[in-house]
Amino acid sequence: MGHFWQMMEAGPGDVLRSWANSVPNHGLIRYLDFFNLERVAIVSPAALADVLVHKCYDFEKPPQLRKGISRILGMGLFLAEGEVHKKQRKNLMPAFAYRHVKNLYPIFWDKSRELVAEILASTDSSRNDGSGKGMCIEVNEWASRATLDIIGQGGFGQSFGAIQDPDNALSRTYRSIFVPGRTGQILGVLGFLMPQWLVRRLP
């Protein structure tokens with residue numbers, strides 16, 4: 001099974017962060033995934049820039065990953081590769097022009113301030129009850145909530161209230177898709193190993 005279960009049982013990124021700090025590397029760490037499939041973790045800014053920016057078309061996402069996520073997100077800019085990605089990026093560029101993005105700055109700023117205030121409030125309450133000693137804040141969850149609110153405010157003119165209330169209906173739905181529980185994780189693994197028509201028929 002390689003390092004699969006070790007990474008599943010730990011928190012998001014915990015194992016890779018530990019390796020990055022303890023395993024000698026030059027920006028890349030090789031590890032073994034499910035059924036000992038080889039994987040490479042990128043742990044330096046320079047290597048990350050090569051993969052995501054300078055040589056992004058030399059590094060395609062695994063076909064199983066693209067197929068699995070495309071059922072939720074569609075084969076859009078996030079998952080497309082090669083010429084299809086280039087065409088989609090060209091079509092979307094006007095929407096990200098400076099004159100359009102600058103109009104969103106106030107929303108980014110307001111939601112960032114709201115996010116910081118909520119994080120500070122949560123750490124203060126943890127300090128008061130004694131549970132915050134040496135605490136570590138999981139930023140991924142907070143960033144997802146802020147992103148959801150920014151999308152709502154910037155794209156639909158309505159705040160979804162995800163920063164203030166992580167348990168509202170929309171936030172729960174968002175988490176159920178992108179942060180699946182144990183059953184969802186198992187089904188996700190089976191989706192890589194079995195035909196989708198068979199996985200969909202499992203009870």
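Two strands are taken to pair if DSSP finds at least two bridges between them. In this predicted model, strand β1 (residues 28-32) and strand β2 (residues 38-42) are joined by 5 bridges and run antiparallel. Within this pairing, Ile-29 has Ala-41 in β2 as its bridge partner. The two strands, β1 and β2, make up a hairpin in which 5 residues lie between them. Phe-35, located in the turn of the hairpin, has a positive phi of about 55°.

The packing of two helices was also examined. Two packed helices are described by the angle between their axes and the distance between the axes. For helix α8 (residues 139-156) and helix α9 (residues 169-178), the axes come within 11 Å and the crossing angle is roughly 125°. Angles of 65 to 115 degrees count as roughly perpendicular and those over 145 as roughly antiparallel; α8 and α9 are therefore oblique to each other. The crossing in which α8 passes α9 is right-handed. On the α8 side, Glu-141, Ser-144 and Leu-148 take part, and these meet Leu-170, Ser-171, Tyr-174 and Arg-175 of α9. Sorted by class, the residues in the contact of α8 with α9 comprise 3 nonpolar, 2 polar and 2 charged.

A further residue considered was Glu-114, which belongs to helix α7 (residues 105-128). The relative accessible area of Glu-114 is 18%, and because the limit for burial is under 20%, this residue is classed as buried. When neighbours within four places in sequence are left aside, Glu-114 is in contact with Asp-149, Ile-163 and Gln-164.

Definitions and conventions: Residues numbered from 1 in each chain as written. Predicted model: local features only at pLDDT ≥ 70, side-chain atom pairs only at ≥ 80, totals over all residues. Heavy atoms only, no water. Axes fitted to C-alpha atoms, helices over the stretch in contact; angles between N-to-C directions. Helix = DSSP H or I, 4+ residues; strand = E, 2+ residues; numbered from the N terminus. Parallel < 35°, antiparallel > 145°, perpendicular 65-115°, else oblique. Left-handed = near helix turned anticlockwise from the far one by under 90°. Contact = heavy atoms within 4.5 Å. Nonpolar A, V, L, I, M, F, W, Y, C, P; charged D, E, K, R; others polar. Buried < 20%, exposed > 50% of the residue type's maximum accessible area, 1.4 Å probe, protein only.
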